[in-house]
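Subject: Structure handover and findings

Hello,

Here is the structure for you to look at. My notes on what I found follow below it.

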Amino acid sequence: MIGIFITARLGSTRLSEKHLIEVNSKPLIKHLVERFSFAFKEVIEKNELKIFITTSIKPENKKFETIFDEHDVEVEVFYGSDENIPFRHLQCARKFDVDFIVSIDGDDILCSTEASKLVIDSLMNGSKMVYTSGLPLGMNSTGYSKDFLENSLKGIESNKLETGWGKIFNKDEIDIIQLKFADEVAKIRMTLDYEPDADFFKKVISNIDVLNVSDKVLIDSIIKNEWDQLNKHLDDIYWSNFNKQKQEEN
């Protein structure tokens, strides 16, 4: 089985309960789940793929269960390790017999389903781990096999691994799918950490049918309408915080 693991939690200090911010009367994380439900409808119905919200055991994360009702049968909320995200993935994979994991950050509301399909194809053809490159921050996709994850985690299951945890994998065993878009897409920020990021997603989702739009049309629309200007100034702050947290975990 393939698992789409959407990693999220509600304890964010920079933007409180960011996954529950509503656009068009729907929480942002539900937009993300519905994009993947739509793109992978056929394999979900064949029970070959399942979508999970992989969150931590902290009580506040129980709110995720209120987002998805009985009509969202394809989504499972899984509670696992609080501070070790890859181990949480392994716990979920073990419990639900998931062989291949597509790892999506819950902040990446418009993560590419097209890239994720390429990642799954690569895993099915023998890749231990693979990621796409060339899309804006927040759109690329990453996947790995449960076996590769399990081997990479040996001896560090109790470590704190929340930021930059891709370091646990042997880079020589990782495949890269290079996607070709214009250089200017690198300047687009499509991840949710601050209030202007939420404003960016509100603008895009309110103006585009994000359920069924190609990556090219989505990116071209963002550039044409200059919606990327709403949060462009956050990049330096974001990477500064990211690197600081990464250092603290070392």
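Phe-5, Phe-52, Phe-78 and Phe-96 make up one aromatic cluster. Rings of Phe, Tyr and Trp (its six-membered ring) pair here if their centres lie within 6.5 Å; planes under 30 degrees apart count as stacked, over 60 as edge-to-face and the rest as tilted. By this rule there are eight aromatic pairs. One of them is Phe-78 with Phe-96, edge-to-face, at 6.4 Å centre to centre and 80° between the planes. Phe-78 sits in strand 5 (residues 75-80) and Phe-96 in helix 4 (residues 85-96), so the pair ties together parts 18 residues apart in sequence. Helices (H or I, at least four residues) and strands (E, at least two) are DSSP runs, numbered from the N terminus.

This is a predicted model: local features need pLDDT of at least 70, side-chain atom pairs count only at pLDDT 80 or more, and totals for chains, interfaces and linings use all residues. Residues are numbered from 1 along each chain as its sequence is written, and side-chain values use heavy atoms, with hydrogens and water left out.

On burial, the cut-offs are these: buried is under 20% relative accessible area, exposed is over 50%, and partly exposed is in between (1.4 Å probe, protein chains only). Phe-78 counts as buried, at 7% relative accessibility. Phe-96 is partly exposed, with a relative accessible area of 22%. Another edge-to-face pair is Phe-200 with Phe-201, at 5.2 Å centre to centre and 70° between the planes. Phe-200 is buried at 0%. Phe-201 is buried at 0% too.

Both of these residues belong to the buried set of helix 7, which is Asp-197, Ala-198, Phe-200, Phe-201, Val-204 and Ile-205. They cover an arc of only 155° around the axis, which puts them on the same side of helix 7. The arc is that of the directions from the helix axis to the C-beta atoms. As background, an α-helix has 3.6 residues a turn, so residues three or four places apart point the same way. The buried residues of helix 7 pack against strand 2, helix 1 and helix 8. Contact means heavy atoms within 4.5 Å.

Next, helix lengths. The expected span of a helix is 1.5 Å times one less than its number of residues. Helix 7 (residues 195-207) has 13 residues and should span 18 Å; its end C-alpha atoms are 19 Å apart, which agrees. Helix 1 (residues 28-39) has twelve residues and reaches 17 Å from its first C-alpha to its last, close to the expected 16 Å.

How many residues of helix 1 are buried? Nine of its twelve are, which leaves the helix mostly covered. Among them are Leu-28, Ile-29, Leu-32, Val-33 and Phe-36, along with Lys-30 and Arg-35.

Two lysines sit over rings. The rule: NZ of Lys or CZ of Arg within 6 Å of the ring centre and within 35 degrees of the ring normal. Lys-62 lies over the face of Tyr-79, 4.4 Å from the ring centre.

Now the loops. Ser-141 is in the loop between strand 7 (129-133) and strand 8 (142-145). Is Ser-141 buried or exposed? Ser-141 is buried, with a relative accessible area of 0%. Its side chain makes a polar contact of 3.0 Å with that of Ser-116. A polar contact is a pair of N or O atoms within 3.5 Å; within protein, one must be able to donate a hydrogen and the other to accept it, and residues adjacent in sequence count only if both atoms are side-chain atoms. Leaving out residues up to four places away in sequence, Ser-141 touches Val-102, Ile-104 and Val-130, among others.

Asn-24 lies in the loop between strand 2 (22-23) and strand 3 (26-27). Asn-24 has a positive phi of about 55° although it is not a glycine. Asn-24 is partly exposed, at 48%. Ser-25 is in the loop between strand 2 and strand 3. Phi of Ser-25 is positive, near 60°, again in a residue other than glycine. Ser-25 is exposed, at 67%.

Last, Lys-232, in the loop between helix 8 (215-224) and helix 9 (235-249). Lys-232 and Arg-189 are 43 residues apart in sequence and 6.4 Å apart in space, C-alpha to C-alpha. Lys-232 is partly exposed, at 40%.

Best regards
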